[in-house]
Amino acid sequence: MGIDYTERIPNNVDLAEDRRLKRALESWQPRFLQWWAEMGPALPTQDVYLRTAVAVGREGWAHFDHVPLPEYRWGIFLAERDADRRIAFGQHKGQPVWQQVPGEYRADLQRLIVIQGDTEPASVEQQRRLGLSAPSLYDLRNLFQVNVEEGRHLWAMVYLLHAYFGRSGRDEAEALLLRNSGSEDSPRILGAFNEETPDWLSFFMFTYFTDRDGKYQLGTLKESAFDPLGRTCEFMLKEEAHHMFVGTTGVDRVVERTAQLMREHDDDDVRKYGGIPLNVIQKYINFHYSVSLDLFGGETSTNVANYYTAGLKGRWQEERRKDDHLLTEAVAVVPRIEDGRLAEARLPALTALNADLRGEYVADCVTGVNRWNRILGSHGLGPVLHLPHVGFNRKVGTFAGHHVSPDGRVLAQHEWEAAAGRWLPTAEDKTHVLSLMRPVYEPGKIAAWVAPPRSGIDGRPFDYEYVHL
Ligand SMILES: [Fe+2]
Ligand SMILES: [Fe+2]
């Protein structure tokens with residue numbers, strides 16, 4: 001199914017057939033563009049080598065061209081409909097999926113869509129100033145690609161709100177542009193999306209750890225019995241894969257460069273050679289991993305149990321799970337703190353679905369750390385990078401209000417305070433990383449703190465003019 005780009009809002013949902021909806025979205029569009037102008041990339045550019053979806057099928061969804069950023073065609077693209085699709089879990093399991101929102105689930109579905117929708121523009125806001133210090137044109141292009149796609153993901157959620165939730169959906173769509181990352185008065189809904197992304201090490205960590213949370217949340221919504229939501233998320237996940245790539249290979253390249261400098265100078269402290277020491281990289285891992293774990297919510301949640309039973313939100317790869325997909329009898333083991341010590345609790349699996357999703361996420365994060373340690377290994381260095389304990393630096397769930405060390409010991413307040421600077425980025429670490437952030441806009445050149453990529457985008461060489469300033 002092709003996408004009509006002569007339309008004001010490119011789409012594959014037959015928008016031309018629904019004049020009321022089309023008008024509503026067309027009145028939201030200028031507000032979106034105004035938000036993009038105010039809160040989107042701060043660096044002015046002529047055009048950027050971007051990928052745009054021209055169709056959602058296997059062939060057409062990744063079309064590359066130089067595009068002026070404000071002319072990027074944000075549109076509404078859903079994965080194709082499977083007419084035989086049935087609900088895979090919960091009390092409606094086996095019934096046909098819903099094409100409309102059942103009245104009794106209206107409020108819950110709207111809430112899930114708003115929370116997802118709120119994260120998309122938030123990351124654009126967080127990354128707004130990064131273009132001013134891009135380490136290369138290649139990286140600058142990747143940043144903008146991520147930004148325009150997060151903008152499109154906002155469109156994806158706004159479409160659902162407008163098309164299926166009437167007046168209150170339109171109000172929520174409006175509010176998505178009024179909240180802003182880090183705002184005192186109207187911050188974004190989730191904590192990690194109000195943190196700063198002031199430097200490119202943070203950006204790579206964000207796209208590795210925090211975008212990856214997004215991947216897992218979308219994975220659960222992709223299973224939804226509300227078919228338009230499932231199909232929307234399925235297509236978003238395709239775009240999201242590139243965001244993961246930016247994070248994974250970004251950290252790869254920082255680790256690579258640090259290892260080169262360590263070997264060249266036979267010195268662990270590569271700060272004086274313009275690099276980022278491994279212990280600082282580790283602290284950034286600790287920070288971004290722990291704030292991203294908070295996005296999974298508390299270990300136990302009756303809301304999430306209800307969403308599952310109702311069919312609104314499934315598990316990661318629901319259909320590949322070998323169980324009854326009802327979970328009325330199943331038991332799960334979740335961590336908790338008991339009398340100041342780490343312990344485990346056996347609970348109904350239904351109430352522990354956040355912990356289940358977090359477990360899938362953690363297993364995925366481990367693969368990145370292994371990869372970065374392999375890079376160190378290829379330079380004759382030991383595998384020193386690791387993920388901290390899930391209880392480390394947490395603000396949400398069972399570990400909130402406790403202090404847990406990266407190796408999983410529950411600490412007293414004074415022990416935590418004495419050691420926190422060894423585990424989380426200090427003001428000095430951040431100042432050093434920031435001091436390295438100088439823009440490099442010459443094709444084929446790259447900043448000294450990061451290695452060049454192994455290959456370019458869309459088969460182009462690294463020295464291609466990915467961005468015209
Ligand atoms: Fe997204
Ligand atoms: Fe993303």
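Which residues in the largest nonpolar core touch the most other members? In this predicted model, the answer is V158, M205, V254 and I281, out of a core of 107 residues. Helix α3 (residues 137-164) gives the largest share of that core, with 15 residues.

Take I281 as a way in. Setting aside its neighbours within four places in sequence, I281 is in contact with V254, V255, T258, I276 and L385. One of those partners, V254, is also on the list of residues touching the most other core members.

Now for the helices. Helix α4 (residues 166-178) has two pairings to look at:

| Helix pair | Axes come within | Crossing angle |
|---|---|---|
| α2 (residues 106-126) and α4 | 10 Å | roughly 20 degrees |
| α1 (residues 19-39) and α4 | 10 Å | roughly 10 degrees |

Angles under 35 degrees count as roughly parallel, so α1 is roughly parallel to α4, and α2 and α4 are roughly parallel to each other too.

Who meets whom? With α1, the contact is made by A24, W28, R31, F32 and W35 on its side, and by R170, A173 and L177 of α4. By class, that contact has six nonpolar, no polar and two charged residues.

The α2 and α4 crossing is right-handed. Here Q110, V114, G117, D118 and P121 of α2 meet S168, G169, E172 and L176 of α4. The class count for this contact is three nonpolar, four polar and two charged residues.

Technical notes
Residues are numbered from 1 along each chain as its sequence is written. Chains are lettered from A and ligands numbered from 1 in the order in which they are written. This is a predicted model: local features need pLDDT of at least 70, side-chain atom pairs count only at pLDDT 80 or more; totals for chains, interfaces and linings use all residues. Axes are lines fitted to C-alpha atoms, for helices over the stretch in contact, and angles run from 0 to 180 degrees between N-to-C directions. Helices (H or I, at least four residues) and strands (E, at least two) are DSSP runs, numbered from the N terminus. Angles under 35 degrees count as roughly parallel, over 145 as roughly antiparallel, 65 to 115 as roughly perpendicular and the rest as oblique. A crossing is left-handed if the near helix is turned anticlockwise from the far one by less than a right angle, and right-handed if clockwise. Two residues are in contact if their C-beta atoms, placed from the backbone, lie within 7 Å. Ala, Val, Leu, Ile, Met, Phe, Trp, Tyr, Cys and Pro count as nonpolar, Asp, Glu, Lys and Arg as charged, and the others, Gly among them, as polar. A nonpolar core is a set of buried Ala, Val, Leu, Ile, Met, Phe, Trp, Tyr and Cys residues joined through C-beta atoms within 7 Å. A residue is buried if 20 or more other C-beta atoms lie within 10 Å of its own, exposed if 12 or fewer, and partly exposed in between; C-beta atoms are placed from the backbone.
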